[in-house]
Amino acid sequence: KMAASNYSLKVNRQLLDPNFESYRLSLDPLPMYNIELDSAVAEIKLRDNQYTLDHMRAFGMYNYLHIDPWYEDSVYYVDQKDRVLNLTVTLDTALGKPREVFRMPSDLSCYENRLCASMSFPSSTWLALSDGTGKLYLLRTSKRGESAHTQWEIFFNQDIGEPFIIINSLSYVNSDIHSVEVLLLRIDKDESNVKGSGFSVTIEWLRVTNTSRQDQEKKYEISRRCVLQGKSVPHYAAIEPKGEGLMIASEKPFKFIEVDGKPVEDSVDKPMEVEEKTDPIYYWQQTAEDITITVRLPEGATKQAIKFKLSTDKLCVGLCEYAPLIDGQLYSLVDTEVSTWTMKDEKSLEITLQKKEEGPMWPELVMGDRRGQFVLDQAQAAIIHEQLTHLTSEDLNADPEKDKPACNAQELEDCDIFPEDGSSLTRIDGTSLKATHVVNLGSHQYLFTVDVNPEEMPSFCLRHDVDALLWQPHANDPNNMWEHTATFNALGYVQASKRDKKFSTCAPNYSYAALCECLRRVFIYRQPSPVATVLYNRKQGRQVGQVAKQQVASLDSNDAVLGFRATNERLFVLTSKNLFVIKVNN
């Protein structure tokens, strides 16, 4: 069972465009370059015993093209000769062939149940690599962008057990000791999962550390090894800076089952502190214009002891020498000039907050805080009751034909129907092994993961109504754990209507989003840009200040798309025998 949700994603309204109309199909040509590969991509097809949706998600839809977030326009893949090949583009008109940067030391053709090779770039000078047989390599690559001729050197290579794919990695130095952390994903046969698919998903979290002293030759060894288990392949899993925790978005929860070889006691999870049933510390009411909060005070509290701090988006209330009673980010902005507080008969504090934006009702007062209780006043309760009466009825439906429902599910378009799962986004602390922040994703369908800034955790994109919103995790800022950084207008709707969609992504500078189908077609959605000439909306006769373009590119290939990555200027599309480079921005 998922832990109770105790946090919510805060949409930045300034990044939404309520006036967005649609994408216009642009016929501007897109320069496209086709590189024929000397040897085909090392695609590993699903075997007969890999028949579940999770196998399809993790391995069948695997993105065989890897982008190096530390260097501009640099992509990698592994070919059938077990070579890691790189293409770095500086001039589109002078594209060379992909060049070999590393060759796997062992012959892989004899392995029966291998998975596809996978890689991840923990830093600008290190690479985590798996050959798909259960072996993990850590390579020091030197600065990859500078010299084409430096030899990549193996500093760690070990058989980690059953085959896996690498899903995330991180490199850091702590007290002069270098560590690389890696997340590995496996799908294992699970006899105990009788009701489900018969498989379970494990994530192995490894820390590999340089154990040698300064004057010795470098020696890397596993210093920590944790195993988490769940029932579905995660949409997103990433390690926090310095390895302090994990963030996982998945349909079913993950829990630690093993740390350094010892089973984790399956203690009955205590509910999160915020969920304990205690009397509320404060009560709050709201109207369209303002919010009134009543805070209970301990006996003998004086006006002088009250600490009150209010900014446009944060509130902190407490008593000297005590932990704050209310402390955190407000759901929306308030006007500090007009907001006030007064003390009532030494037992309670009454705070009035003026909303910056009149109208919208707040679903919560302080983000993720469950210590208060919302109270409806009688007038509001009566209005809501009246609005809801049509949904409830005293008698069971005596005449079902009398009132046909206004909407039935068959009339919904496919792209309006959300998967009915309880997806959640969870931040798990690496020391306590417990969830500290849980967001219920509900109907926010997961779209894609993208590296915007290699120094930060990967960003992820979710569907919100018709739009697609990009979120950047900030592990070290508990009040802004996930920041809304960009909006792709109507992309949620657009991508859901594409039946044959295989991959989607966006440029690190958010200038465009892109989707590709299993075969041939690539769609580019440019974000609105101001127009030079005056345009009028034909329906309303009003001027249109900016226009968003959609472009379609068609690949000259009959092979399935195996990889898809975007940079600020280019889209890279990999098929088994070709690598296409599409110039999107100049």
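The questions below concern a predicted model and the terms used to describe it.

User: Why is Gln-329 called buried?
Analyst: Buried means under 20% relative accessible area. Gln-329 has a relative accessible area of 15%, so the term buried applies.

User: Where does Gln-329 lie, and what does Gln-329 touch?
Analyst: Gln-329 is found in strand E23, residues 326–329. Leaving out residues up to four places away in sequence, its contacts are Lys-10, Asp-313, Lys-314, Leu-365, Val-366, Met-367 and Asn-479.

User: What makes E12 and E13 paired strands?
Analyst: Pairing requires at least two bridges between two strands. Eleven bridges join E12 (residues 177–189) to E13 (residues 199–210), so the two count as paired. They run antiparallel.

User: Why are strands E11 and E18 said to stand at the edges?
Analyst: The open sheet has six strands in the order E11-E12-E13-E14-E17-E18, with antiparallel pairing. E11 (165–174) and E18 (262–263) each have a single partner strand, so one side of each has no neighbour in the sheet.

User: What lies across E11, E12 and E13?
Analyst: Helix H1, residues 53–60, lies across these strands and runs at about 140 degrees to E12.

User: Which residues touch the most other members of the largest nonpolar core?
Analyst: This core has 42 residues, and Leu-87, Ile-203, Leu-228, Ile-248, Phe-572, Leu-574 and Leu-579 touch the most other members. E13 supplies the largest share, four residues. A second, separate core of 21 residues includes Tyr-282, Leu-325, Ile-326 and Val-334.

Definitions and conventions: Residues numbered from 1 in each chain as written. Predicted model: local features only at pLDDT ≥ 70, side-chain atom pairs only at ≥ 80, totals over all residues. Heavy atoms only, no water. Contact = heavy atoms within 4.5 Å. Axes fitted to C-alpha atoms, helices over the stretch in contact; angles between N-to-C directions. Core = buried A, V, L, I, M, F, W, Y, C linked by side-chain atoms within 4.5 Å. Buried < 20%, exposed > 50% of the residue type's maximum accessible area, 1.4 Å probe, protein only.
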